[in-house]
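Please open the model in your viewer and keep the selection tool at hand.

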Amino acid sequence: MCPIWGTPAGVVQPGNRLALLVQSPRAGGDYEITETAIAMIEGGALDERAKAKLTTMLIDRRHEGEDPSIVDSIMLEEVKNVPLLADKERAEYLLRYIADQESSSPGLAVRIGYPIVPGALAHSESWTDSQVKTLVFYMEGAQWVKVVRTLDGMTCSLTSDGHVHLDAMREEPKGRQVFVAMWFDSGMTDAYEHGIAPGIQDAGFIPVRIDEKKNANRIDDDIINEIKKSRFVVADMTHGAHGARGSVYYEAGFALGHGLEVIYCCRQDCMEGLVFDTRQYHHIVWETPVELRRKLAERIRARIGSLDKALVAKGSQENPLPRRPGGLP
């Protein structure tokens with residue numbers, strides 16, 4: 001059974017590792033999960049919404065080439081602070097799923113229900129059949145899909161407008177990821193855990209720090225890859241007695257060179273040590289992690305926007321989602 005959803009799945013324990021490899025259609029594919037994470041889920045750590053958000057996180061990581069992803073206690077805590085996808089974006093995830101299924105079976109319409117197939121639930125951040133039905137109704141109204149409903153089920157196939165919209169989605173690869181460049185010193189743990197990470201999450205984005213990445217390859221290659229996948233970069237220039245952190249300057253410069261927004265931060269007592277190259281940029285000056293969290297969230301909302309709110313606003317202007325009884329909350 002799938003440890004996340006309690007649905008049918010293939011489960012094996014690779015080697016002597018204290019983790020299970022799970023092949024779960026309801027979770028959108030393969031993932032690994034630690035014994036600690038399993039115990040937390042069995043203890044009620046995640047409600048249905050959190051499970052749906054965790055499933056989306058796994059799907060995103062597979063889409064970015066990380067397969068299988070590892071579900072551990074850290075990920076379970078992270079997912080609690082991630083906002084639900086906006087309605088329009090959930091429909092777009094489902095559209096991508098239908099396109100993928102069509103490509104594997106050319107000429108055949110994709111079965112969605114009834115009951116709703118696990119893959120459609122997984123790829124739309126849904127936890128009830130009625131939510132998927134509402135999203136299908138939305139896609140039909142936007143003329144992205146042709147829907148055939150019978151007593152035996154419901155099938156979807158992409159229209160020409162659906163393919164055009166899918167192409168436009170592929171041209172906008174940046175999602176919710178934010179790369180964090182900072183000094184990896186134990187004295188900065190509180191600043192990250194109680195300042196930078198929650199500040200990014202408060203604005204609806206997901207922080208990524210290279211030392212937390214699982215299955216890392218060459219560290220410099222991973223850094224470049226993660227920055228390229230990010231929406232923007234947060235660079236904290238705080239440093240120790242030995243002076244400026246060259247790697248942080250490099251990562252911020254690389255991001256700027258590739259057209260990404262960089263939000264600079266620095267602890268008050270380190271401001272005088274900033275090098276000339278970045279002193280010209282406006283920095284969030286902070287003294288406590290609580291202050292850093294508040295200021296960072298405000299700066300992100302002002303310069304980037306709050307992703308969840310922005311998507312809801314965009315969706316409501318372009319294709320308002322009809323509300324039906326039992327539909328999306």
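Does R294 count as buried, partly exposed or exposed? At 45% relative accessibility, R294 counts as partly exposed, where buried means under 20% relative accessible area, exposed over 50%, and partly exposed in between, with a 1.4 Å probe and protein chains only. Before going further, note that this is a predicted model, in which local features need pLDDT of at least 70 and side-chain atom pairs count only at pLDDT 80 or more, while totals for chains, interfaces and linings use all residues. Residues are numbered from 1 along each chain as its sequence is written, and side-chain values use heavy atoms, with hydrogens and water left out.

Helices (H or I, at least four residues) and strands (E, at least two) are DSSP runs, numbered from the N terminus.

Next select D202 and R293, whose side chains meet in a salt bridge (2.8 Å, N to O). This pair links distant parts of the chain, with D202 in helix 8 (residues 189–202) and R293 in helix 12 (residues 289–303), 91 residues apart.

Move to K88 and E92, both in helix 4 and four residues apart, which form a salt bridge (2.8 Å, N to O). Here K88 is buried, at a relative accessible area of 8%, and E92 is buried at 13%. The whole structure holds nine salt bridges.

Now display the largest nonpolar core, which has 25 residues, L94, I98, I112, V136, M139 and V145 having the most contacts inside it; such a core is a set of buried Ala, Val, Leu, Ile, Met, Phe, Trp, Tyr and Cys residues joined through side-chain atoms within 4.5 Å. Helix 4 gives this core its largest share, six residues. Centre on V136: leaving aside neighbours within four places in sequence, its contacts (heavy atoms within 4.5 Å) include L94, I112, V145 and C156. A second, separate core of 23 residues includes I38, V71, W127 and I206.

Finally, select C270, which is buried at 5% relative accessibility. Its sulfur lies 5.1 Å from the closest cysteine sulfur, in C266, too far for a bond, since a disulfide is a pair of cysteine sulfur atoms within 2.5 Å. By this rule the count is zero disulfides.

Terms used: A salt bridge is a side-chain nitrogen of Lys or Arg within 4 Å of a carboxyl oxygen of Asp or Glu.
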